[in-house]
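Here is my note on the model you sent, written as numbered points. Please keep the structure open beside the text while you read.

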Amino acid sequence: MVVKVYGPAFASPKRVIACLIEKEIEFETVPVDLLKGEHKDPEFLKLQPFGTIPVTQDGDYVLYESRAIIRYYAEKYKSQGTDLLGKTVEERGQVENWLEVEAHNFNPPIYALTLHVMFASKMGFPPDENLIKESEEKLGKVLDIYEERLSKSKYLAGDFFSLADLSHLPFTQYLVGQMGREYMITSRKHVSAWWDDISSRPSWQKVLQLYAPPF
């Protein structure tokens, strides 16, 4: 059964697609244009009642939170493709730890930056300059902690690439690309080396090649 991924132009679905490529899982994509409000269409809401992306559809099995989706497929297909979960329970614990850090510490400020720097004018509201400044400061503090962590291990969970690293790819790509804040990465030696490593993986390069940003 081919996995369907909804909304491939946007960041969170790209997190899922990168995982599926790493795990060598066959998939197809279904466009959903947030800027046109397609995520609020009644048919889409049957799949995702909260009206957000991504959604994956695997036969009758539907998931719609990107980190839950990548955990599920990394576990279900653990024996094929890249092992993204670690080989021991301790390694798995570190993967889960840093996935939670990404979700609760890294994502909130970088998401706020993305919304107000990239999407505000497209969505018809003025960017909040105070929030932009505050979010950049918060993100900088998180990246300082990453710098310390990555001075001790090649990747966040240890010396192996995992979901914890992969989960950072889409929004960091916005940060260094459309948002023009590459200095937040390059000014931190170990974060910069880590980003160069994970962003050059064939899976992520294929995602960027196949699915252009929404604008």
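1. A residue is called buried here if its relative accessible area is under 20%, exposed if that area is over 50%, and partly exposed in between. Please keep in mind throughout that the model is predicted. By this cut-off both Phe-119 and Tyr-174 are buried.

2. Which kind of aromatic pair do these two residues form? Phe-119 and Tyr-174 are arranged edge-to-face, with 6.5 Å from centre to centre and 65° between the planes of their rings. Because Phe-119 belongs to helix α4 (residues 89–123) and Tyr-174 to helix α7 (residues 169–176), the pair ties together parts that are 55 residues apart in sequence. Both residues also take part in a cluster, linked by ring pairs, whose other members are Phe-10, Tyr-111 and Phe-171.

3. A search of the whole structure gives 13 aromatic pairs. One of them joins Tyr-73 and Tyr-77, and this pair counts as stacked because the planes of the rings are at 15°, with the ring centres 6.2 Å apart, where stacking requires planes under 30 degrees apart. Tyr-73 is buried, since its relative accessible area is 1%, which falls under the 20% cut-off. A ring is involved in another way at Phe-161, where the charged end of Arg-201 sits over the ring at 3.8 Å from its centre.

4. The largest pocket holds about 690 Å³ of space. It is lined by 28 residues, of which Ser-12, Thr-52, Ile-53, Tyr-111 and Phe-171 are the closest to its centre. Helices α1, α3 (66–76), α4 and α7 each contribute at least two residues to the lining, and the most come from α4, which gives eight.

5. Next, please look at the strands. Strand β1 (residues 3–6) pairs with strand β2 (residues 27–30) in the parallel sense, over four bridges, and within this pairing Tyr-6 has Val-30 of β2 as its bridge partner. Together with helix α1 (residues 11–22), the two strands make a β-α-β unit that is right-handed.

6. The C-alpha atom of Glu-148 is 8.0 Å from that of His-190, although the two residues are 42 residues apart along the chain.

Notes
Residues are numbered from 1 along each chain as its sequence is written. This is a predicted model: local features need pLDDT of at least 70, side-chain atom pairs count only at pLDDT 80 or more; totals for chains, interfaces and linings use all residues. Side-chain values use heavy atoms; hydrogens and water are left out. Two strands pair if DSSP finds at least two bridges between them. A crossover is right-handed if, with the strands pointing away from the viewer, the path from the first strand over the helix to the second runs clockwise. Rings of Phe, Tyr and Trp (its six-membered ring) pair if their centres lie within 6.5 Å; planes under 30 degrees apart count as stacked, over 60 as edge-to-face and the rest as tilted. Buried means under 20% relative accessible area, exposed over 50%, partly exposed in between (1.4 Å probe, protein chains only). A charge sits over a ring if NZ of Lys or CZ of Arg is within 6 Å of the ring centre and within 35 degrees of the ring normal. On a 1 Å grid over the protein atoms alone, a cavity is a set of points where a 1.4 Å probe fits but cannot get out, and a pocket is an open set with protein on both sides within 12 Å along at least five of seven lines; lining residues have an atom within 4 Å of a point. Grid points are joined across faces, edges and corners, and a volume is the space filled by probe spheres set on the points.
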